[in-house]
Amino acid sequence: MGDKITSGPFFIPLFIDGTSNLPVDRLLIGLKNPTNHTKTVCVTVDRCADTIFPTTAPESTILNQLVTLPSEHCTVLRIFAGPTTFQGDNMLRVTVEGDTDKEAEGIEVALFGGNDGRPTVTMVFKHEDFIEVDED
């Protein structure tokens, strides 16, 4: 389909930074097309339930979304926490494949996780934080 970049694995904390009672309740995935051409990507979010070694768990896909953005357009994909999406102590990985790359010559991506606009630092990723996936 094209280039592939990923956030790599990251953990969902039980509570957002600096609070004792606000759980992480959403993951936002921002996409922007800064180019002069329409671009398309497939966004997937994979989850591993909270397991402690030696227990293991299979990875499951909680989002698989094709997104087409006209030139100079943007959008935000929103995933709310829940038993079929993610919960605190789960591990997630966001992957974007298609008209994107590490050098931001296609669709750019950013992640934000938190509670009602309050971020948790461990769930904030800028485009430059993503890594290219080499599937050799």
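Is Phe10 buried or exposed, and at what relative accessibility? At 5% relative accessibility, Phe10 counts as buried, where buried means under 20% relative accessible area, exposed over 50% and partly exposed in between, with a 1.4 Å probe and protein chains only. Before we go on, note that this is a predicted model, in which local features need pLDDT of at least 70 and side-chain atom pairs count only at pLDDT 80 or more, while totals for chains, interfaces and linings use all residues. Residues are numbered from 1 along each chain as its sequence is written, and side-chain values use heavy atoms, leaving out hydrogens and water.

Now to the rings. Rings of Phe, Tyr and Trp (its six-membered ring) pair if their centres lie within 6.5 Å; planes under 30 degrees apart count as stacked, over 60 as edge-to-face and the rest as tilted. The count by this rule is two aromatic pairs. Phe10 and Phe125 have ring centres 5.0 Å apart and planes at 50°, so their pair is tilted. Because Phe10 sits in strand S2 (residues 10-11) and Phe125 in the loop between strand S9 (118-119) and strand S10 (131-132), the pair ties together parts 115 residues apart in sequence. Strands here are DSSP runs (E, at least two residues), numbered from the N terminus.

Phe125 is buried too, with a relative accessible area of 12%. Phe125 also forms an edge-to-face pair with Phe130, at 6.3 Å centre to centre and 65° between the planes.

Elsewhere, look at Asn115 in strand S8 (residues 108-115). Asn115 counts as buried at 9% relative accessibility.

Notes: Helix = DSSP H or I, 4+ residues; strand = E, 2+ residues; numbered from the N terminus.
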